[in-house]
Amino acid sequence: DIARSVTNLLQDRYLDAGELAGSKTASSDAYVFYLKGRAGLRDRTAEAIKQSRRLFEQSIGLDPEYAPAYVGLAETMWLLADGGETFGTIDPSVAARVARQNVERALVLNDGFPEAFANLGRVEALLQNHITALSHFDKAISLNPNLPDVHLWRYLSLKAEQRYVEAMRALENAAELDPTAPAILHNLGFEQSLRGQFNLARETFD
């Protein structure tokens, strides 16, 4: 009820009680572990991501029916893969398989959970299936257009497909939604520097 009330104040639409289904848990401790896990993911360091993974696992242990915790766990898995856009040493195919299993579990619990589709897209991107990834990102955005990470991930896949104008638009959308996210600011500053906007890039990096 509190979450719905806050959302109503921040958006030009009103949510019914059922629209928050899939993000509820009867365990306040499970919810706290989940929130701590989400906070840790913003740091984008291997150690912080590993700690988030443990927190999501604790959340699931307290409430095995809590879909967001499975999505969070999936995100830590692909983030810990070995790659240029990730932060670990796990074989990408292994990370993708485990992440997909957790996303699919979340979708069983809530088949309309946008964060689940977003992470499914990121799993496909990890396997270099960017066209398929974009379809999942579009599905997530159709369910909730206000998720900054989805726009950031969409930017990465569009850039991989050399669709640079669309990619920059997606990155700008991400920055508008969350102007303080380090990962978004890093990519925005990088793109500004590529375009010769060095003063603007310096401000972004600062």
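A salt bridge here is a side-chain nitrogen of Lys or Arg within 4 Å of a carboxyl oxygen of Asp or Glu. What you're looking at is a predicted model, where local features need pLDDT of at least 70, side-chain atom pairs count only at pLDDT 80 or more, and totals for chains, interfaces and linings use all residues. Residues are numbered from 1 along each chain as its sequence is written, and side-chain values use heavy atoms, with hydrogens and water left out.

The structure holds 10 salt bridges, so let's walk through a few of them. Start with Arg100 and Glu124, whose closest N and O atoms sit 3.1 Å apart. This pair links distant parts of the chain, with Arg100 in helix H5 and Glu124 in helix H6, 24 residues apart. (Helices are DSSP runs of H or I with at least four residues, numbered from the N terminus.) Glu124 is buried, at 10% relative accessible area, while Arg100 is partly exposed at 23%. Buried means under 20% relative accessible area, exposed over 50%, and partly exposed in between, using a 1.4 Å probe and protein chains only.

Next, Glu85 and Arg122 meet in a salt bridge of 2.9 Å, N to O. Glu85 is in the loop between helix H4 (67–79) and helix H5 (92–109), and Arg122 is in helix H6 (residues 114–126), 37 residues apart. Arg122 is buried at 5%, and Glu85 is partly exposed at 43%.

Now look at Glu191 and Arg195, whose side chains pair at 2.5 Å, N to O. Salt bridges with shared partners join Lys159, Glu191 and Arg195 into one network.

How values were computed
Helices (H or I, at least four residues) and strands (E, at least two) are DSSP runs, numbered from the N terminus.
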